[in-house]
Each structure stands twice: as C-alpha cells, then as structure tokens.
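The exercises below are to be worked with the sequence and the model side by side. Each task is followed by a solution that goes step by step.

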Amino acid sequence: MYQQTWAVAAVLAPAVFSALLGAAPPLLWLMLAALVGLAALTLLRLTLRLPADAVAAPGA
C-alpha cells in the first residue's frame with residue numbers, strides 16, 4: 001500500500017500540473033501558492049498543539 005500511494009502520486013502530479021500549465025499558466029502558480037499557504041497555516045496551527053519539546057530545534 002505504501003508503494004502504491006507513492007506510485008499514484010508520481011503518475012498524477014505530472015499529469016495534473018501539465019494540464020494546469022497547458023490550460024492557464026498563471027493558474028498553476030496560483031494553485032501552488034495556495035497549497036504553500038495552506039501548508040504554512042497548517043504547520044502554524046500544529047505548532048500550537050504540540051508540546052514545546054516537539055517544536056523547539058535540538059540544542060535551542
């Protein structure tokens with residue numbers, strides 16, 4: 001199942017990004033920017049829920 005998940009992602013990602021790039025190049029970059037923003041917000045929310053030991057860098 002683990003390998004199948006990576007295989008599906010390896011097939012779908014180039015196909016989806018190529019379709020977006022062919023349809024409207026700015027849409028590809030807007031979609032990627034939205035995904036990065038969503039990931040950043042998710043990480044910020046996650047840091048509030050994790051213990052301080054899990055968030056701090058080693059040696060900090």
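**Exercise 1.** In this predicted model, determine how many aromatic pairs there are and classify the geometry.

*Solution.* The count comes to 1 aromatic pair. The ring centres of Tyr2 and Trp6 lie 6.3 Å apart, with the planes at 70°; since planes over 60 degrees apart count as edge-to-face, the pair is assigned to that class. As for sequence position, Tyr2 and Trp6 are 4 residues apart in helix α1, which separates them by about one helical turn. Turning to solvent accessibility, both Tyr2 and Trp6 are exposed.

**Exercise 2.** Find which residues form a nonpolar patch on the surface, and decide how Leu12 is to be classed by its accessible area.

*Solution.* Leu12 belongs to helix α1, which covers residues 2-23.

**Exercise 3.** Describe the fold of the chain by its helices and strands, and compare its radius of gyration with that of a compact globule of 60 residues.

*Solution.* The chain holds 3 helices and 0 strands, arranged along the sequence as α-α-α. Its radius of gyration is 17 Å, whereas a compact globule of 60 residues would have one near 10 Å. The C-alpha trace spans about 45 × 30 × 20 Å along its principal axes. Of the 60 residues, 3% count as buried, and of an accessible surface of about 5,200 Å², 77% belongs to carbon and sulfur atoms.

Methods
Residues numbered from 1 in each chain as written. Predicted model: local features only at pLDDT ≥ 70, side-chain atom pairs only at ≥ 80, totals over all residues. Heavy atoms only, no water. Patch = residues over 30% accessible without salt bridge, like charges linked within 9 Å, V, L, I, M, F, W, Y side chains within 5 Å. Areas by Shrake-Rupley, 256 points an atom, 1.4 Å probe, with all protein chains shown as cover. Salt bridge = Lys/Arg side-chain N within 4 Å of Asp/Glu carboxyl O. Helix = DSSP H or I, 4+ residues; strand = E, 2+ residues; numbered from the N terminus. Buried < 20%, exposed > 50% of the residue type's maximum accessible area, 1.4 Å probe, protein only. Rg over C-alpha atoms; globule rule 2.2 N^0.38 Å. Phe/Tyr/Trp six-rings, centres within 6.5 Å; stacked < 30°, edge-to-face > 60°.
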